[in-house]
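Here is a short tour of a protein model, written for someone who is new to reading structures. Have a look at the picture, then follow along.

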Amino acid sequence: MQSLNPTRNVQRRGRELLTIGALVIMAGIILGGLGFLIMLLFSSNFFGGLVIFAGFIVAVVGIGVMIRGMTLRTENEIALAVDAMLKTVLDDRYTLIRNISGRGLGYVDAVLVGPPGALAMRITDVPGIFQNEGADWLERKGGKPFMLSNHDFTDECRNDVYALRDYLAKRQLPHVPVYGLVVFTSPNVQLSLRQPTVPVADIRTLLTVLRSDFLREDRIDATSVQAVVNALYH
């Protein structure tokens, strides 16, 4: 199995965000200066103050965009555990792409691409005792009864699936089936499942879950597999 991390794409996106953020900050500064001019030339403190405030807000947004550009992560560390497990069983027809971030796609922890299609993985290292019923997640803390969890792994994974389907369709790959999987990597997690909407696994059950669902049959040819890899990696 190939293992890829589109670091260059992440770095390019970071540079783009830094540039956009800098331009937005400049626009905010210009607005602020315009506000001061309005106050000086037209003695309109109210309207000038509004323009200055608008410039301040724009500048803050620009700073936020720049911070986002500087903090894009270049590796998904918890995905490496999944990578190591899959390498032991999957042949070179398969490619795992980690840490995917792109315009129109958002962020996806990892996508496994192969003859069965594309599998979007929502990977988490959150420990705890979880119960998944359909699309709902319950969590037990401190020996208390199960309560509705603050985590919504299923919804997050479904969003990744929908985004990946749209992303591939726009690149002339609508025939590629896209699946989803929630993966827990923490050794301190306990899971109980009842008809999950999206398949769920931990590291110990990952291969079993894959074989019972995603890996059951080949659905696309080698050309389509490579086209998906190119679309996500380049």
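Let's start with Arg-122, which lies in strand S4. Helices (H or I, at least four residues) and strands (E, at least two) are DSSP runs, numbered from the N terminus. This is a predicted model, where local features need pLDDT of at least 70 and side-chain atom pairs count only at pLDDT 80 or more, while totals for chains, interfaces and linings use all residues. Residues are numbered from 1 along each chain as its sequence is written, and side-chain values use heavy atoms, with hydrogens and water left out.

Is Arg-122 buried or exposed? With a relative accessibility of 19%, Arg-122 counts as buried, because buried means under 20% relative accessible area, exposed over 50%, and partly exposed in between (1.4 Å probe, protein chains only).

Leaving aside neighbours within four places in sequence, Arg-122 is in contact (heavy atoms within 4.5 Å) with residues including Asp-109, Phe-153, Asp-160 and Leu-181.

As for strand S4 (residues 117-124), 8 of its 8 residues are buried.

**How the strands line up**

Two strands pair if DSSP finds at least two bridges between them.

| Strands | Sense | Bridges |
|---|---|---|
| S3 (residues 106-114) and S4 | antiparallel | 5 bridges |
| S4 and S8 | parallel | 7 bridges |
| S5 (residues 128-133) and S9 | parallel | 6 bridges |

A hairpin through 2 residues joins S3 to S4, and Gly-114 stands opposite Gly-117 in S4. On the S8 side, Ala-120 has Gly-180 as its bridge partner. For S9, the bridge partner of Gly-128 is Val-189.

There is also an open sheet of 4 strands, in the order S7-S6-S5-S9, with mixed pairing. Strand S7 (147-148) and S9 stand at the edges with a single partner strand each, so one side of each has no neighbour in the sheet.

**A loop residue**

Where does Ser-186 sit? Look in the loop between strand S8 (178-184) and strand S9 (189-194). Ser-186 counts as buried, at 11% relative accessibility. A polar atom of its side chain lies 3.0 Å from the backbone nitrogen of Asn-188.

**Over to the helices**

Val-51 lies in helix H2 (residues 45-70) and is buried, with a relative accessible area of 12%. Setting aside residues up to four places away in sequence, Val-51 touches Leu-31, Leu-34, Gly-35 and Ile-38. The C-alpha atoms of Val-51 and Gly-32 are separated by 6.4 Å, though these residues are 19 apart along the chain.

Leu-34 is partly exposed, with a relative accessible area of 42%.

Conventions:
Polar contact = N/O pair within 3.5 Å; in protein donor to acceptor, adjacent residues only side chain to side chain.
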